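Reader: Before we go into detail, please show me the structure that we are to read together.

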Amino acid sequence: MKLKETIMLTVAALAFLLITGIAKSDEKTITPKEFVTAVSEVPGKVGNHFKNEVSKTKEYQTKVWADQKVKNAEMWSKLKSLFTGKNDS
């Protein structure tokens, strides 16, 4: 291996060791009661997430469809004037 490759490998290995060392230093034990509480909260959290996503999607679609309705009206007006030779504006 060349010197540059060796240095890069050493730096990468050092970074990996530092990152995994930090992750291991913050280990926390979870009690059975905390585990049961966390598991029992999951259905509510998932339901709330889906409700929020549906709400955001409906708001977005309403806005986009309204914008597209205006754009389509403009496009049809331009096409109509193109084919009829009349200018409606």
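Predicted model: local features only at pLDDT ≥ 70, side-chain atom pairs only at ≥ 80, totals over all residues.

Reader: What span is expected for H2, and where does a kink lie in it?

Author: Helices are DSSP runs (H or I, at least four residues), numbered from the N terminus, and the expected span is 1.5 Å times one less than the number of residues. H2 has 53 residues and reaches 76 Å from its first C-alpha to its last, close to the expected 78 Å. A kink of about 35 degrees lies at Val-42, shortly before Pro-43, the bend being the angle between axes fitted to the seven residues ending there and the seven starting there.

Reader: How many salt bridges does a search of the whole structure find?

Author: A salt bridge is a side-chain nitrogen of Lys or Arg within 4 Å of a carboxyl oxygen of Asp or Glu, and the search finds three. Glu-41 pairs with Lys-45 at 3.6 Å, Lys-56 with Glu-53 at 3.2 Å, and Asp-67 with Lys-63 at 3.3 Å.

Reader: How far apart in helix H2 are Asp-67 and Lys-63?

Author: An α-helix has 3.6 residues a turn, so residues three or four places apart point the same way. Asp-67 and Lys-63 are four residues apart in H2, about one helical turn, and Lys-56 and Glu-53 are three apart in that helix.

Note on methods. Residues numbered from 1 in each chain as written. Heavy atoms only, no water. Helix = DSSP H or I, 4+ residues; strand = E, 2+ residues; numbered from the N terminus.
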